[in-house]
Amino acid sequence: MARIVLGVSGGIAAYKACSLLRLFTEAGHDVTVVPTASALQFVGAPTWEALSGKPVHTGVWDSVHEVPHVRLGQTADLVVVAPATADLLAKAAHGLAGDLLTNVLLTARCPVVMAPAMHTEMWEHAATQANVSTLAERGIHIIPPASGRLTGADTGPGRLPEPEALYAVCERILAHPAPHTGVGSETPGSPDVSARTEATTSELAGRSVVVSAGGTREPLDPVRYLGNRSSGKQGYALAAVAASRGASVTLVAANTSLVAPPGVTVVPVSTALELQAAVERAAKDADVVVMAAAVADFRPAHYTDAKIKKTHDPADPDAAPTITLVRNPDVLAGLVEARGEEATPVIVGFAAETGDEQGGVLQHGRAKLARKGCDLLVVNEVGLDKTFGLDDNTVHILRQGSSHVVDAGPASKEVVAAAVWDAVQEIL
Ligand code: CTP
């Protein structure tokens, strides 16, 4: 549980901050919302108070005896401003302290994240870019705006990324907090906008990574398929964290309905064979491949073009078709084989295990790591009430040729993803 101050400045994207607030509170964090007066023109104080369970103030003259303008910033584990308008960025860059949020920004010594959102012209204006540059040089994490449809008919960079993507970045920063002192930084300024606004850190900068996510579907007829319960959340968290560390990320997504993390190229697929083709294509130039997808081991031997009908023969009321299955290729094993003696790409497998009379979850994991020949195996315990579709996960990370086990969780899938990338970075 972290103490988070969610700053909201006055842009239309303030409504998205409601969902971000929900993600924080559902994860168990203690959130105080500090909107600007303009933000309340878009979303009123009762909404923030109901969603956070706390009173909401915009100025420094409320509850003065508690000295909130100093205490909130001093005691926070994370300050997030989403959306950060051009006006808020300008005030923060120049150290103005006319309201509660700007006071919090001056007193915070924890990591600070800002997610700018505005019209493209305002974002690209030299004044805004100079302010963003100043803030980034002081160690503030700038999540660059996404491109797409803006409030009016126009499109371009300026959209606030989706709440799930902002949440993933915040969880990652909470898992690895590097304090932001706000009193100057030794990092030299960069004239390059893309470098300045890189999401968070650059441990994977220049690396190309492929992540597979979701669960494949193997069609039987036009309306039916064999599938599995994977939601894709862990794979999406892996993609989001890799992007936030500066990697160029291709996410091969099988049958998911999740929002793409900012900056990630999504390749939608459905069957195991489609997933294999997409992963193998992307893996050619990759430094790392993470196979988080639940790939069906079998598919129906025959696809029936027309819907399979039940018979209405009164002599045989229980008649049912027999479905013959054939094996699907093992994509992970294929990647290991194609790599041969080369060191790249680093290959990470996942193992969904339940444990049985033959052995526990870890024992099965070790056997699978040896069988599959990948560099890391992320073993998670699955069951009807575990892992699938949930936001939290518990995993054990096994490394080829080492008896050491890294345990991660129970924690959010973003925190687990961060532990996986830490392990990958050790190999890289
Ligand atoms: N995998 C794959 N291709 C398949 C099946 C699985 O690439 N046809 C990958 C998954 O993406 C995962 C890993 O292999 O990274 C482990 O998958 P899992 O289904 O747990 O293991 P299996 O090899 O199917 O072993 P078992 O049936 O014994 O559980």
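The chat below goes through a few local features of a predicted model.

Student: What should I know before starting?
Tutor: Residues are numbered from 1 along each chain as its sequence is written. In this predicted model, local features need pLDDT of at least 70 and side-chain atom pairs count only at pLDDT 80 or more, while totals for chains, interfaces and linings use all residues, and side-chain values use heavy atoms, without hydrogens and water.

Student: OK, the ligand. How many residues surround it?
Tutor: There are 16, and the closest are Met291, Ala293, Leu332, Phe350 and Lys372. A residue is near a molecule if one of its heavy atoms lies within 4 Å of it.

Student: How far is a polar backbone atom of Ala293 from an oxygen atom of the ligand?
Tutor: That distance is 2.7 Å. For a backbone N or O atom of Phe350, the distance to a ligand oxygen is 2.8 Å. With Ala352, a polar backbone atom is 3.4 Å from a ligand oxygen.

Student: Switching topic. Is the peptide bond from Ala82 to Pro83 cis or trans?
Tutor: That bond is cis, with omega near -5 degrees. Thr344 and Pro345 are also joined by a cis peptide bond, with omega about 0 degrees.

Student: Where is Pro83?
Tutor: Pro83 sits in strand β3, residues 78–84. Strands (E, at least two residues) and helices (H or I, at least four) are DSSP runs, numbered from the N terminus. Pro345 is in the loop between α13 (331–339) and β16 (346–353).

Student: And what is phi of Asn255 near?
Tutor: Phi there is near 55 degrees, a positive value in a residue other than glycine. Most residues other than glycine have a negative phi.

How values were computed: A polar contact is a pair of N or O atoms within 3.5 Å; within protein, one must be able to donate a hydrogen and the other to accept it, and residues adjacent in sequence count only if both atoms are side-chain atoms.
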